Amino acid sequence: QVQLVESGGGSVQAGGSLRLSCAVAGYTGSSSCMGWFRQAPGKEREGVASFFPGDGSTDYADSVKGRFTISQDSAKNRLYLQMNSLKPEDTAAYYCAADTRYGRWLCPSLSMAHYYYWGQGTQVTVSS
């Protein structure tokens, strides 16, 4: 059983930065897949960034490429999402996700279907 708890959300002005953190409890291992998703009001949840710890592979949504960076501190059992140059359209609830079923075969992945474990989310609000 994997448990995920996000933190680090908040309110920031456009152009600012935030770093989201996800505390990971339970086994994940180097064959797991880790990701960040977001959901804005009235919209579907979308993949933002994904990370395969086994080889460090990453994938990002086009809308965040060059601005967001996903990383992991395995010693601290934490996953991070560094968000720079934030825009009002980045406003959403952000969710940490993990999966231990598919390994490198389906990771990195920005598809919700490829993740089994989910956190409760943390709100990010970017004002113009």
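Visitor: What should I know before reading the model?

Guide: Residues are numbered from 1 along each chain as its sequence is written, and side-chain values use heavy atoms, with hydrogens and water left out. The model is predicted: local features need pLDDT of at least 70, side-chain atom pairs count only at pLDDT 80 or more, and totals for chains, interfaces and linings use all residues.

Visitor: In what order do the four strands of the open sheet stand?

Guide: First the terms. Strands are DSSP runs (E, at least two residues), numbered from the N terminus. Two strands pair if DSSP finds at least two bridges between them. Here the order is E1-E3-E8-E7, with antiparallel pairing. Strands E1 (3-7) and E7 (68-73) stand at the edges. Each has a single partner strand, so one side of each lacks a neighbour in the sheet.

Visitor: How many bridges join E1 to E3?

Guide: Five bridges join E1 to E3 (residues 18-25), and the two run antiparallel. Leucine 4 stands opposite valine 24 in E3.

Visitor: How many salt bridges does a search of the whole structure find?

Guide: Side chains of opposite charge can pair when their charged atoms come close. The cut-off: a side-chain nitrogen of Lys or Arg within 4 Å of a carboxyl oxygen of Asp or Glu. The search finds six.

Visitor: Which parts does the pair of arginine 38 and aspartate 90 tie together?

Guide: Their closest N and O atoms are 2.9 Å apart. Arginine 38 lies in strand E4 (residues 33-39), and aspartate 90 in the loop between strand E8 (78-83) and strand E9 (92-99), so the pair ties together parts 52 residues apart in sequence. Arg38 and Asp90 also belong to a network of salt bridges with Glu46 and Arg67.

Visitor: Is arginine 38 buried or exposed?

Guide: Buried means under 20% relative accessible area, exposed over 50%, partly exposed in between (1.4 Å probe, protein chains only). Arginine 38 is buried, at 5%. Aspartate 90 is buried too, at 1%.

Visitor: What about aspartate 55 and arginine 104?

Guide: Their side chains meet in a salt bridge (2.8 Å, N to O). Aspartate 55 lies in the loop between E5 (46-52) and E6 (57-60), and arginine 104 in the loop between E9 and E10 (117-118), so the pair ties together parts 49 residues apart in sequence. Aspartate 55 is partly exposed, at 44%. Arginine 104 is partly exposed, at 41%.

Visitor: Which residue does aspartate 99 meet in a salt bridge?

Guide: Arginine 101, at 2.8 Å, N to O. Aspartate 99 is buried, at 2%, whereas arginine 101 is partly exposed, at 44%.
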